[in-house]
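Me: I would like to learn how to read a chain like this one. Could you take me through it feature by feature?

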Amino acid sequence: MTDDVTDRPCPGGGKNWTVDIQGRPICPRCRRALSTVAGKGRTVQSTPKVPRHERPGRRKQPNEPR
Ligand SMILES: [Zn+2]
């Protein structure tokens with residue numbers, strides 16, 4: 001099993017932020033919040049573009065279905 005893909009960065013890195021329905025900046029690809037991918041306290045002003053971050057998923061999640 002090659003888990004090389006798990007370290008592949010999200011393709012949204014280096015792109016401009018997009019916003020969700022609440023107007024919050026999110027990654028255009030994985031749609032995670034700015035605070036999630038850039039860190040807490042970050043703003044669009046201090047982080048005008050999406051920083052590199054890992055792709056979501058592919059890891060075991062603690063919340064199983066049911
Ligand atoms: Zn992303």
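What follows is a short tour, from the overall layout to single residues.

Reply: First, the ground rules. This is a predicted model, where local features need pLDDT of at least 70, side-chain atom pairs count only at pLDDT 80 or more, and totals for chains, interfaces and linings use all residues. Residues are numbered from 1 along each chain as its sequence is written.

Me: Which pattern does the chain follow along the sequence?

Reply: Start with the definition. Helices (H or I, at least four residues) and strands (E, at least two) are DSSP runs, numbered from the N terminus. Here the chain has two strands and one helix. Their order along the sequence is β-β-α.

Me: What share of the 66 residues is buried?

Reply: Burial is a neighbour count. A residue is buried if 20 or more other C-beta atoms lie within 10 Å of its own, exposed if 12 or fewer, and partly exposed in between, with C-beta atoms placed from the backbone. In this chain of 66 residues, 14% are buried.

Me: Which residues form the largest nonpolar core?

Reply: A nonpolar core is a set of buried Ala, Val, Leu, Ile, Met, Phe, Trp, Tyr and Cys residues joined through C-beta atoms within 7 Å. The largest one here has seven residues: Cys-10, Ile-26, Cys-27, Leu-34, Val-37, Ala-38 and Val-50.

Me: What does Leu-34 touch?

Reply: Two residues are in contact if their C-beta atoms, placed from the backbone, lie within 7 Å. Set aside residues up to four places away in sequence. Leu-34 then touches Trp-17, Pro-25, Ile-26, Arg-42, Val-44 and Thr-47. For the whole chain, take contacts between residues at least 6 apart in sequence: 43% of them join residues at least 24 apart.

Me: Where does Gly-13 lie, and what does Gly-13 touch?

Reply: Gly-13 sits in the segment before strand 1 (18-19). Beyond four places in sequence, its contacts are Val-50, Pro-51, Arg-52 and His-53. Gly-13 counts as partly exposed because it has 17 C-beta neighbours inside 10 Å. Its C-alpha atom is 4.4 Å from that of Arg-52, a residue 39 places away along the chain.

Me: Why is Arg-52 classed as exposed?

Reply: Count again. Arg-52 is exposed because 11 other C-beta atoms lie within 10 Å. Arg-52 belongs to the segment after helix 1. Apart from neighbours within four places in sequence, Arg-52 is in contact with Pro-9 and Gly-13.

Me: Where is Thr-36, and how far is Thr-36 from Ile-26?

Reply: Thr-36 is in helix 1. Its C-alpha atom lies 8.7 Å from that of Ile-26, ten residues away in sequence. Thr-36 has 15 C-beta neighbours inside 10 Å, so it counts as partly exposed.
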